[in-house]
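User: I have a structure to go through before the afternoon. Could you take my questions on it one at a time?

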Amino acid sequence: MAAARTVIIAGAGIGGLTAALALAQRGFAVTLLEAADRLEEVGAGLQLSPNVTRVLIALGIAERLKPHVVVPEHLVVRNARSGRLLAQGPLGTTSEQRYGAPYWAIHRGDLQAALCEAVAATPGITLKLGSRVETFAAEPDSITVSASQGSQPLTVRAHALIAADGLWSTLRQQLGHRTVPRPAGHTAWRTLVPIEAAPKCAALPAVNLWLGADAHLVHYPVKAGRMINVVAIVDDDWREPGWNTPGESRELLDRFSADQWHASARDLLAASERWQKWALFDCPPLAAWGKGRVTLLGDAAHPMLPYLAQGAAMAIEDATMLAACLDRNPDVPAALSTYEASRLPRTTRVQRDASRNAAVYHMGGAAAALRSLALMAMGGDRLISRYDWLYGWTPA
(Lines give C-alpha, C1' and ligand atoms only; values in the text may rest on other atoms or scores of the structure.)
Protein backbone atom coordinates (compact mmCIF):
# COMPACT_ATOMS: atom_id res chain seq x y z
CA MET A 1 0.00 0.00 0.00
CA ALA A 2 1.32 3.41 -0.90
CA ALA A 3 2.06 5.73 1.99
CA ALA A 4 -0.36 8.58 2.60
CA ARG A 5 -0.02 11.69 0.42
CA THR A 6 2.45 10.34 -2.11
CA VAL A 7 2.84 11.60 -5.66
CA ILE A 8 4.92 10.52 -8.65
CA ILE A 9 5.94 13.18 -11.18
CA ALA A 10 7.22 12.10 -14.58
CA GLY A 11 9.57 14.76 -15.92
CA ALA A 12 11.97 17.12 -14.14
CA GLY A 13 11.60 20.18 -16.34
CA ILE A 14 10.48 23.56 -15.05
CA GLY A 15 6.94 22.33 -14.40
CA GLY A 16 7.91 19.04 -12.78
CA LEU A 17 10.50 20.62 -10.48
CA THR A 18 8.07 23.35 -9.42
CA ALA A 19 5.31 20.82 -8.80
CA ALA A 20 7.65 18.75 -6.61
CA LEU A 21 8.48 21.82 -4.50
CA ALA A 22 4.84 22.94 -4.25
CA LEU A 23 3.70 19.47 -3.17
CA ALA A 24 6.54 19.00 -0.68
CA GLN A 25 5.75 22.40 0.82
CA ARG A 26 2.30 21.01 1.62
CA GLY A 27 3.63 17.81 3.17
CA PHE A 28 3.48 15.38 0.24
CA ALA A 29 6.18 12.80 -0.41
CA VAL A 30 7.24 13.16 -4.04
CA THR A 31 9.14 10.83 -6.35
CA LEU A 32 10.42 12.73 -9.38
CA LEU A 33 11.35 10.51 -12.32
CA GLU A 34 13.46 12.04 -15.09
CA ALA A 35 14.55 10.16 -18.22
CA ALA A 36 17.74 12.19 -18.73
CA ASP A 37 20.89 11.06 -16.95
CA ARG A 38 21.60 14.65 -15.95
CA LEU A 39 19.72 17.93 -16.06
CA GLU A 40 21.37 20.23 -18.58
CA GLU A 41 21.01 23.99 -18.41
CA VAL A 42 19.79 24.49 -21.97
CA GLY A 43 17.27 26.73 -23.63
CA ALA A 44 16.64 30.39 -24.22
CA GLY A 45 15.79 33.24 -21.89
CA LEU A 46 12.46 33.39 -20.10
CA GLN A 47 10.21 36.28 -19.19
CA LEU A 48 8.85 35.65 -15.72
CA SER A 49 5.76 37.83 -15.56
CA PRO A 50 4.07 38.70 -12.23
CA ASN A 51 1.63 35.80 -12.39
CA VAL A 52 4.58 33.42 -12.07
CA THR A 53 7.07 35.39 -9.96
CA ARG A 54 4.52 35.51 -7.15
CA VAL A 55 4.43 31.69 -7.22
CA LEU A 56 8.22 31.39 -7.18
CA ILE A 57 8.46 33.88 -4.31
CA ALA A 58 5.84 31.91 -2.35
CA LEU A 59 7.90 28.74 -2.90
CA GLY A 60 10.85 30.45 -1.23
CA ILE A 61 13.30 30.46 -4.14
CA ALA A 62 13.43 34.20 -4.82
CA GLU A 63 16.82 34.55 -3.11
CA ARG A 64 18.23 31.81 -5.33
CA LEU A 65 16.96 33.64 -8.42
CA LYS A 66 17.80 37.27 -7.63
CA PRO A 67 21.55 36.99 -8.44
CA HIS A 68 20.60 35.95 -12.00
CA VAL A 69 17.55 38.04 -12.93
CA VAL A 70 17.20 41.33 -14.76
CA VAL A 71 14.27 43.65 -14.05
CA PRO A 72 13.26 45.08 -17.45
CA GLU A 73 12.00 48.63 -17.22
CA HIS A 74 9.94 48.61 -20.45
CA LEU A 75 8.41 46.53 -23.18
CA VAL A 76 9.57 48.18 -26.41
CA VAL A 77 7.94 47.39 -29.78
CA ARG A 78 9.60 48.54 -33.01
CA ASN A 79 9.05 48.36 -36.75
CA ALA A 80 11.63 45.99 -38.21
CA ARG A 81 12.44 47.96 -41.36
CA SER A 82 12.55 51.52 -40.04
CA GLY A 83 13.37 50.89 -36.41
CA ARG A 84 10.52 53.24 -35.52
CA LEU A 85 9.16 52.99 -32.00
CA LEU A 86 5.59 51.72 -32.21
CA ALA A 87 4.82 51.41 -28.49
CA GLN A 88 6.57 51.36 -25.14
CA GLY A 89 4.88 49.91 -22.08
CA PRO A 90 6.05 50.25 -18.46
CA LEU A 91 7.39 47.23 -16.58
CA GLY A 92 9.84 47.51 -13.66
CA THR A 93 8.45 49.20 -10.55
CA THR A 94 5.23 50.11 -12.38
CA SER A 95 4.53 46.44 -13.05
CA GLU A 96 5.26 45.46 -9.45
CA GLN A 97 2.95 48.17 -8.13
CA ARG A 98 0.22 47.21 -10.57
CA TYR A 99 0.29 43.45 -10.02
CA GLY A 100 1.91 43.03 -6.61
CA ALA A 101 4.81 40.99 -7.97
CA PRO A 102 7.89 41.77 -10.11
CA TYR A 103 8.52 41.17 -13.79
CA TRP A 104 11.85 39.37 -14.26
CA ALA A 105 13.95 38.16 -17.18
CA ILE A 106 16.16 35.13 -16.61
CA HIS A 107 17.93 32.43 -18.56
CA ARG A 108 16.09 29.11 -18.48
CA GLY A 109 19.21 27.34 -17.25
CA ASP A 110 19.47 29.67 -14.23
CA LEU A 111 15.82 29.07 -13.30
CA GLN A 112 16.26 25.32 -13.67
CA ALA A 113 19.43 25.36 -11.56
CA ALA A 114 17.69 27.28 -8.78
CA LEU A 115 14.77 24.85 -8.81
CA CYS A 116 17.15 21.89 -8.74
CA GLU A 117 19.02 23.35 -5.76
CA ALA A 118 15.74 23.85 -3.93
CA VAL A 119 14.62 20.29 -4.73
CA ALA A 120 17.91 18.88 -3.43
CA ALA A 121 17.51 20.87 -0.21
CA THR A 122 13.87 19.84 0.36
CA PRO A 123 13.07 16.76 2.48
CA GLY A 124 10.35 14.62 0.99
CA ILE A 125 11.48 14.85 -2.64
CA THR A 126 13.34 11.96 -4.23
CA LEU A 127 14.80 12.74 -7.67
CA LYS A 128 15.69 9.72 -9.79
CA LEU A 129 17.64 10.61 -12.94
CA GLY A 130 17.96 8.18 -15.84
CA SER A 131 14.48 6.86 -15.01
CA ARG A 132 12.22 6.61 -18.02
CA VAL A 133 8.51 6.08 -17.27
CA GLU A 134 7.08 3.40 -19.55
CA THR A 135 3.61 2.47 -18.32
CA PHE A 136 1.26 2.91 -15.40
CA ALA A 137 -1.50 0.80 -13.89
CA ALA A 138 -4.41 2.17 -11.86
CA GLU A 139 -5.62 0.39 -8.75
CA PRO A 140 -8.55 1.35 -6.52
CA ASP A 141 -6.46 3.36 -4.06
CA SER A 142 -3.13 3.92 -5.83
CA ILE A 143 -1.22 4.10 -9.09
CA THR A 144 1.74 1.89 -10.01
CA VAL A 145 4.36 3.22 -12.41
CA SER A 146 6.75 1.00 -14.33
CA ALA A 147 9.98 2.68 -15.39
CA SER A 148 13.47 1.70 -16.46
CA GLN A 149 16.83 2.80 -15.11
CA GLY A 150 19.17 1.76 -17.86
CA SER A 151 18.66 -1.98 -18.15
CA GLN A 152 17.08 -2.26 -14.70
CA PRO A 153 13.33 -2.16 -14.12
CA LEU A 154 11.92 0.28 -11.57
CA THR A 155 8.48 0.14 -9.97
CA VAL A 156 7.06 3.00 -7.93
CA ARG A 157 3.67 3.21 -6.26
CA ALA A 158 1.84 6.32 -5.07
CA HIS A 159 -1.56 7.94 -4.79
CA ALA A 160 -1.23 10.09 -7.92
CA LEU A 161 0.81 10.34 -11.12
CA ILE A 162 1.54 13.71 -12.74
CA ALA A 163 2.73 13.59 -16.34
CA ALA A 164 5.06 16.55 -16.80
CA ASP A 165 6.98 14.90 -19.62
CA GLY A 166 6.76 17.72 -22.10
CA LEU A 167 5.65 18.39 -25.65
CA TRP A 168 6.23 14.82 -26.84
CA SER A 169 4.61 13.27 -23.77
CA THR A 170 4.27 9.49 -23.96
CA LEU A 171 1.94 9.47 -20.96
CA ARG A 172 -0.45 11.81 -22.77
CA GLN A 173 -0.79 9.14 -25.44
CA GLN A 174 -1.30 6.42 -22.84
CA LEU A 175 -4.18 8.43 -21.41
CA GLY A 176 -5.88 8.07 -24.77
CA HIS A 177 -5.06 11.42 -26.37
CA ARG A 178 -4.36 10.78 -30.05
CA THR A 179 -3.52 14.34 -31.03
CA VAL A 180 0.18 14.69 -31.80
CA PRO A 181 2.20 17.93 -31.91
CA ARG A 182 1.84 19.66 -35.25
CA PRO A 183 4.42 21.88 -36.97
CA ALA A 184 3.58 25.55 -36.56
CA GLY A 185 5.47 26.64 -39.69
CA HIS A 186 7.96 28.67 -37.67
CA THR A 187 11.58 28.14 -36.66
CA ALA A 188 13.14 29.86 -33.64
CA TRP A 189 16.84 30.73 -33.50
CA ARG A 190 18.54 31.57 -30.22
CA THR A 191 21.89 32.83 -28.99
CA LEU A 192 23.50 34.70 -26.12
CA VAL A 193 25.52 37.82 -26.89
CA PRO A 194 27.98 39.18 -24.29
CA ILE A 195 26.90 42.61 -23.18
CA GLU A 196 30.17 44.16 -24.33
CA ALA A 197 29.67 42.79 -27.87
CA ALA A 198 26.08 43.98 -28.24
CA PRO A 199 24.93 47.30 -29.70
CA LYS A 200 24.43 49.82 -26.89
CA CYS A 201 20.68 50.01 -27.47
CA ALA A 202 20.38 46.26 -26.84
CA ALA A 203 22.11 46.53 -23.46
CA LEU A 204 19.33 48.58 -21.88
CA PRO A 205 17.10 46.76 -19.34
CA ALA A 206 14.11 46.28 -21.60
CA VAL A 207 12.21 43.54 -23.44
CA ASN A 208 12.55 44.46 -27.11
CA LEU A 209 10.18 43.19 -29.79
CA TRP A 210 10.84 43.93 -33.49
CA LEU A 211 7.97 43.15 -35.87
CA GLY A 212 8.72 42.30 -39.50
CA ALA A 213 7.17 40.54 -42.47
CA ASP A 214 7.33 36.76 -41.90
CA ALA A 215 9.72 37.19 -38.96
CA HIS A 216 10.18 38.87 -35.61
CA LEU A 217 13.01 39.42 -33.15
CA VAL A 218 13.00 39.45 -29.34
CA HIS A 219 15.93 40.38 -27.13
CA TYR A 220 16.54 41.31 -23.51
CA PRO A 221 19.36 41.09 -20.96
CA VAL A 222 19.75 37.97 -18.79
CA LYS A 223 22.36 36.57 -16.38
CA ALA A 224 22.30 39.69 -14.20
CA GLY A 225 22.82 41.84 -17.30
CA ARG A 226 26.01 40.14 -18.49
CA MET A 227 24.43 38.60 -21.61
CA ILE A 228 21.73 39.48 -24.12
CA ASN A 229 19.24 36.73 -24.87
CA VAL A 230 18.34 36.89 -28.57
CA VAL A 231 15.54 34.90 -30.18
CA ALA A 232 14.72 35.32 -33.88
CA ILE A 233 11.65 33.55 -35.24
CA VAL A 234 10.97 33.10 -38.95
CA ASP A 235 8.26 31.51 -41.09
CA ASP A 236 9.76 28.18 -42.11
CA ASP A 237 8.73 24.64 -43.06
CA TRP A 238 11.70 23.04 -41.27
CA ARG A 239 10.26 20.35 -38.94
CA GLU A 240 13.11 18.54 -37.21
CA PRO A 241 12.31 17.79 -33.54
CA GLY A 242 14.72 18.88 -30.83
CA TRP A 243 15.94 22.06 -29.16
CA ASN A 244 19.61 22.34 -30.00
CA THR A 245 20.26 22.01 -33.73
CA PRO A 246 23.25 24.18 -34.71
CA GLY A 247 22.33 27.05 -37.03
CA GLU A 248 24.47 28.97 -39.51
CA SER A 249 24.60 32.69 -38.78
CA ARG A 250 24.82 33.52 -42.48
CA GLU A 251 21.54 31.70 -43.14
CA LEU A 252 19.85 33.72 -40.41
CA LEU A 253 21.23 37.04 -41.62
CA ASP A 254 19.98 36.23 -45.10
CA ARG A 255 16.48 35.91 -43.64
CA PHE A 256 16.90 39.27 -41.87
CA SER A 257 18.06 41.13 -44.97
CA ALA A 258 19.21 44.75 -44.99
CA ASP A 259 16.29 45.85 -47.17
CA GLN A 260 13.78 44.52 -44.62
CA TRP A 261 15.53 44.97 -41.26
CA HIS A 262 17.02 47.98 -39.53
CA ALA A 263 20.79 48.09 -39.06
CA SER A 264 20.51 47.97 -35.24
CA ALA A 265 18.66 44.65 -35.39
CA ARG A 266 21.08 43.20 -37.93
CA ASP A 267 24.08 44.36 -35.89
CA LEU A 268 22.77 42.42 -32.91
CA LEU A 269 22.23 39.30 -35.01
CA ALA A 270 25.73 39.63 -36.47
CA ALA A 271 27.26 39.84 -32.98
CA SER A 272 27.07 36.06 -32.56
CA GLU A 273 28.44 33.20 -34.64
CA ARG A 274 26.94 30.50 -32.43
CA TRP A 275 23.27 29.87 -33.01
CA GLN A 276 20.93 27.04 -32.16
CA LYS A 277 17.51 26.56 -33.69
CA TRP A 278 14.37 24.57 -33.07
CA ALA A 279 11.16 24.03 -34.98
CA LEU A 280 8.02 25.21 -33.21
CA PHE A 281 5.20 22.75 -32.60
CA ASP A 282 1.87 23.03 -30.84
CA CYS A 283 -1.33 21.08 -30.24
CA PRO A 284 -4.94 22.20 -30.25
CA PRO A 285 -6.36 22.59 -26.72
CA LEU A 286 -7.54 19.36 -25.13
CA ALA A 287 -11.08 19.08 -23.76
CA ALA A 288 -9.79 17.15 -20.72
CA TRP A 289 -6.35 16.12 -19.52
CA GLY A 290 -6.31 13.13 -17.23
CA LYS A 291 -8.22 10.18 -15.90
CA GLY A 292 -8.63 8.98 -12.33
CA ARG A 293 -5.36 9.33 -10.46
CA VAL A 294 -3.37 10.55 -13.46
CA THR A 295 -3.23 14.04 -14.94
CA LEU A 296 -1.07 16.23 -17.15
CA LEU A 297 0.95 19.36 -16.40
CA GLY A 298 2.75 21.97 -18.48
CA ASP A 299 3.59 21.24 -22.11
CA ALA A 300 2.23 17.71 -21.75
CA ALA A 301 -1.20 19.26 -21.15
CA HIS A 302 -1.12 22.46 -23.20
CA PRO A 303 1.79 22.96 -25.60
CA MET A 304 1.79 26.56 -26.75
CA LEU A 305 3.67 28.82 -29.09
CA PRO A 306 6.00 31.38 -27.48
CA TYR A 307 4.14 34.51 -28.65
CA LEU A 308 2.86 35.41 -25.18
CA ALA A 309 6.03 34.28 -23.35
CA GLN A 310 3.85 32.09 -21.12
CA GLY A 311 4.88 28.47 -21.71
CA ALA A 312 6.95 28.11 -18.53
CA ALA A 313 4.58 30.42 -16.65
CA MET A 314 1.57 28.19 -17.32
CA ALA A 315 3.51 25.12 -16.14
CA ILE A 316 4.43 26.92 -12.90
CA GLU A 317 0.84 28.02 -12.39
CA ASP A 318 -0.27 24.43 -13.00
CA ALA A 319 2.16 23.24 -10.34
CA THR A 320 0.90 25.46 -7.55
CA MET A 321 -2.77 24.81 -8.36
CA LEU A 322 -2.17 21.07 -8.52
CA ALA A 323 -0.59 21.08 -5.06
CA ALA A 324 -3.41 23.21 -3.63
CA CYS A 325 -6.13 20.95 -5.02
CA LEU A 326 -4.51 17.75 -3.77
CA ASP A 327 -3.93 19.33 -0.37
CA ARG A 328 -7.56 20.39 0.02
CA ASN A 329 -9.20 17.13 -1.01
CA PRO A 330 -8.01 13.66 0.04
CA ASP A 331 -10.13 12.15 -2.75
CA VAL A 332 -7.36 12.13 -5.38
CA PRO A 333 -9.49 11.67 -8.54
CA ALA A 334 -11.83 14.44 -7.38
CA ALA A 335 -8.89 16.71 -6.52
CA LEU A 336 -7.33 16.19 -9.94
CA SER A 337 -10.66 16.87 -11.59
CA THR A 338 -10.87 20.17 -9.68
CA TYR A 339 -7.32 21.01 -10.74
CA GLU A 340 -8.13 20.45 -14.41
CA ALA A 341 -11.36 22.45 -14.19
CA SER A 342 -9.45 25.35 -12.62
CA ARG A 343 -6.75 25.36 -15.30
CA LEU A 344 -8.37 24.41 -18.60
CA PRO A 345 -10.17 27.70 -19.41
CA ARG A 346 -7.08 29.78 -18.67
CA THR A 347 -4.52 27.63 -20.47
CA THR A 348 -6.85 27.28 -23.45
CA ARG A 349 -7.13 31.07 -23.69
CA VAL A 350 -3.35 31.48 -23.50
CA GLN A 351 -2.83 28.82 -26.18
CA ARG A 352 -5.28 30.53 -28.52
CA ASP A 353 -4.02 34.07 -27.86
CA ALA A 354 -0.44 32.94 -28.45
CA SER A 355 -1.45 31.40 -31.77
CA ARG A 356 -3.21 34.61 -32.80
CA ASN A 357 -0.12 36.63 -31.93
CA ALA A 358 1.90 34.44 -34.28
CA ALA A 359 -0.09 35.81 -37.21
CA VAL A 360 -0.08 39.39 -35.94
CA TYR A 361 3.68 39.48 -35.33
CA HIS A 362 4.52 38.35 -38.87
CA MET A 363 2.11 40.52 -40.86
CA GLY A 364 3.31 42.22 -44.01
CA GLY A 365 2.03 44.90 -46.39
CA ALA A 366 -1.17 46.75 -45.59
CA ALA A 367 -1.99 44.50 -42.63
CA ALA A 368 1.36 45.37 -41.02
CA ALA A 369 0.71 49.09 -41.56
CA LEU A 370 -2.65 48.83 -39.83
CA ARG A 371 -1.07 46.85 -36.98
CA SER A 372 1.54 49.59 -36.52
CA LEU A 373 -1.12 52.30 -36.44
CA ALA A 374 -3.08 50.35 -33.85
CA LEU A 375 -0.01 49.94 -31.64
CA MET A 376 0.85 53.62 -31.84
CA ALA A 377 -2.72 54.58 -30.99
CA MET A 378 -2.82 52.13 -28.09
CA GLY A 379 -0.13 53.82 -26.02
CA GLY A 380 2.17 52.34 -23.42
CA ASP A 381 -0.27 51.84 -20.55
CA ARG A 382 -2.82 49.99 -22.68
CA LEU A 383 -0.02 47.88 -24.17
CA ILE A 384 0.42 46.37 -20.70
CA SER A 385 -3.10 46.70 -19.24
CA ARG A 386 -4.59 44.49 -21.94
CA TYR A 387 -2.74 41.68 -20.12
CA ASP A 388 -4.20 42.43 -16.70
CA TRP A 389 -6.15 39.17 -16.94
CA LEU A 390 -2.86 37.32 -17.46
CA TYR A 391 -0.36 39.08 -15.18
CA GLY A 392 -2.83 39.73 -12.35
CA TRP A 393 -3.55 36.04 -11.73
CA THR A 394 -3.16 34.76 -8.18
CA PRO A 395 -3.52 31.16 -6.92
CA ALA A 396 -7.01 30.54 -5.58
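User: Is strand β17 mostly covered or open, and how many of its residues are buried?
Analyst: This is a predicted model. In it, strand β17, spanning residues 275–282, is mostly covered, with 7 of its 8 residues buried.

User: How many bridges join β12 to β17?
Analyst: Strand β12 (residues 182–194) is joined to β17 by 6 bridges, and the two run antiparallel. P183, for instance, has F281 in β17 as its bridge partner.

User: And how many join β16 to β17?
Analyst: There are 3 bridges between strand β16 (residues 245–247) and β17, again in the antiparallel sense. T245 has K277 of β17 as its bridge partner.

User: What holds paired strands together, in general?
Analyst: Strands of a sheet pair through backbone hydrogen bonds, in either a parallel or an antiparallel arrangement.

User: Back to β12. How many bridges does it form with β15?
Analyst: β12 and β15 share 9 bridges and pair in the antiparallel sense. Within β15, A232 stands opposite W189.

User: What about β14, how does that run against β15?
Analyst: Strand β14 (residues 215–222) runs antiparallel to β15, and 8 bridges join them. H216 is one of the residues involved, with I233 in β15 as its bridge partner. The two strands form a hairpin with 4 residues between them. In that turn, K223 has a positive phi of about 50°.

User: Changing topic: in what order do the strands of the β8, β9 and β10 sheet lie?
Analyst: The order is β8-β9-β10, in an open sheet of 3 strands with antiparallel pairing. The edge strands are β8 (131–139) and β10 (152–158), each of which pairs on one side only. Neighbouring strands of this sheet are turned by 20° against each other on average, with direction ignored.

User: How many bridges join β9 to β10?
Analyst: Strand β9 (residues 142–149) is joined to β10 by 7 bridges, with the two running antiparallel. I143 stands opposite A158 in β10.

User: Now cavities. How many are there of 30 Å³ or more?
Analyst: The count comes to 1 cavity of 30 Å³ or more. The largest cavity has a volume of about 40 Å³.

User: Which residues line the largest cavity?
Analyst: The lining consists of R172, T179, C283, P284, P285, L286, A300, A301, H302, P303 and Q351. These lining residues divide into 7 nonpolar, 3 polar and 1 charged.

User: Which residues does S372 touch?
Analyst: Leaving aside residues up to four places away in sequence, S372 touches N79 and L86.

User: And A58, is that buried or exposed?
Analyst: A58 counts as exposed because its relative accessibility is 54%. A58 lies in helix α2, which comprises residues 50–58.

User: How far apart are A58 and T320?
Analyst: In sequence, A58 and T320 are separated by 262 residues. In space, A58 and T320 are 9.6 Å apart, C-alpha to C-alpha.

How values were computed:
Residues are numbered from 1 along each chain as its sequence is written. This is a predicted model: local features need pLDDT of at least 70, side-chain atom pairs count only at pLDDT 80 or more; totals for chains, interfaces and linings use all residues. Side-chain values use heavy atoms; hydrogens and water are left out. Buried means under 20% relative accessible area, exposed over 50%, partly exposed in between (1.4 Å probe, protein chains only). Two strands pair if DSSP finds at least two bridges between them. Contact means heavy atoms within 4.5 Å. Axes are lines fitted to C-alpha atoms, for helices over the stretch in contact, and angles run from 0 to 180 degrees between N-to-C directions. On a 1 Å grid over the protein atoms alone, a cavity is a set of points where a 1.4 Å probe fits but cannot get out, and a pocket is an open set with protein on both sides within 12 Å along at least five of seven lines; lining residues have an atom within 4 Å of a point. Grid points are joined across faces, edges and corners, and a volume is the space filled by probe spheres set on the points. Ala, Val, Leu, Ile, Met, Phe, Trp, Tyr, Cys and Pro count as nonpolar, Asp, Glu, Lys and Arg as charged, and the others, Gly among them, as polar.
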